Amino acid sequence: MISIHHHIPDDMLDAYRAGTLPHAFGVVVAAHLSLCDQCRAGQEAGDMIGGALLQHAEGATLRPDARDRMMTALDAPPPPPPLRASGPFPSAVMHELGGRPPRWRMLGGGIRQQILTADREGSLRLLYIPPGKAVPEHGHRGHELTLVLQGSFSDSGGNFHRGDVEVAHADIHHQPVAGRDEPCICLAATDAPLRFHALIPRLLQPIFRI
Amino acid sequence: MLRSTVLPLVDEGALGFRGEDQQPMDDLSELSRDLIAVRDSRDRAAFGRLFDHFAPRLKAMMLRGGLRDGTAEDVVQDVMLAVWHKAGQFDPHRADAAGWIYGIARNRRIDMARRRPLAQPDEMPEIESLEPDAAQIIALQQEARHLADALARLAPEQAEALRAAYFDDIPHSRISEMTGLPLGTIKSRIRLGLERLRHELRTIAP
């Protein structure tokens, strides 16, 4: 059992429950819930309360054919199951990868990434950082949510291992450095494009879409 | 290990169960037993009973969420069909039938309103692979029953705040907009409601 110290903030878990999170953040939350029994149990506890309220609810009248229609539908073949977790990637990430291993693009300094989605709502990408390497210092216009899937990294916010999430706000400038033991693979979501301080990464931002 | 899933409600061992001489099936609600019969033997009669119990309530839930009658009816069919197909994942250590079915309905309602479906956590391992832990199953099912009783005794404004947050699944900020009450008031009503539930569950526990 892995021990997780950095969790998804409560407000974000509420928004996930309510279905109002942008897609990129929703994937990070789903991936964290796949690894974090504590947060998952919290979500299930919410469903227990929802279930108790459902028991109390006064039922609405069904159409007369509803039951027959239901029993007939049971004979149809079941829908295909969701993609399974594979290696460090939970099922929600495998879904974004289309069931294939990542196709990394080099970013320089041994750092690789694969953009999973990028649109006006934000971006979602996988990052691969070689042991001991640093990601260029960057700030954010919006929020950035980074989940460790393999290895570890540290920055001014602390040490982050598999399952840990770092939440960076617009005013934080951070420079994550991967742990020395193995390459670090992270899932990172933003609700706005990143901005880098060094000139060249900034010029390249539209090309790399980071 | 006895894990209290609902809230940190009951101290480990406080219920005084000894797992080995309890029959967990006797302590399950009829609904959870029916769901296990669907899971283990594709029991259509048991599924019919689940449908009779939950379908009208699920329809009421969908109508509360603003769906039209015909759409609500279709969504109920989808939810109950998912119950039939996903029953293999029902784990009485982690949920009672009502909470588990509610979770499926909540996700279905969310996806109705979204451009793309909400990303989902990994499915739980199929239940055959786990040794049943009688004490935990009994404790969880009892908590579920007590929770339902305790909800009925909440102050109306606390009950309403919990209903908005946990049954209609409206974000706290939106509840605040809808009611015109400050966000802090909404949060404290929800917190007080949860505190009260926790207290009630402690005093009820034998």
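Trainee: In what order do the 6 strands of the open sheet in chain A come?
Mentor: Keep in mind that this is a predicted model, where local features need pLDDT of at least 70, side-chain atom pairs count only at pLDDT 80 or more, and totals for chains, interfaces and linings use all residues. Residues are numbered from 1 along each chain as its sequence is written, with chains lettered from A and ligands numbered from 1 in the order in which they are written. Strands here are DSSP runs (E, at least two residues), helices likewise (H or I, at least four), numbered from the N terminus, and two strands pair if DSSP finds at least two bridges between them. The pairing is antiparallel, and the order is β1-β2-β3-β10-β5-β8.

Trainee: Which strands of chain A stand at the edges of that sheet?
Mentor: Look for a strand with a single partner, so that one side is left without a neighbour in the sheet. That picks out β1 (105-108) and β8 (165-168) of chain A.

Trainee: What is the bridge partner of Ala118(A) in β3(A)?
Mentor: β2 (residues 111-119) and β3 (residues 122-129) of chain A pair in the antiparallel sense over 7 bridges. Ala118(A) is bridged to Ser123(A).

Trainee: Over in chain B, at roughly what angle do the axes of α4 and α5 cross?
Mentor: Axes are lines fitted to C-alpha atoms, for helices over the stretch in contact, and angles run from 0 to 180 degrees between N-to-C directions. The axes of α4 (residues 69-86) and α5 (residues 97-113) of chain B come within 10 Å, and they cross at roughly 130°.
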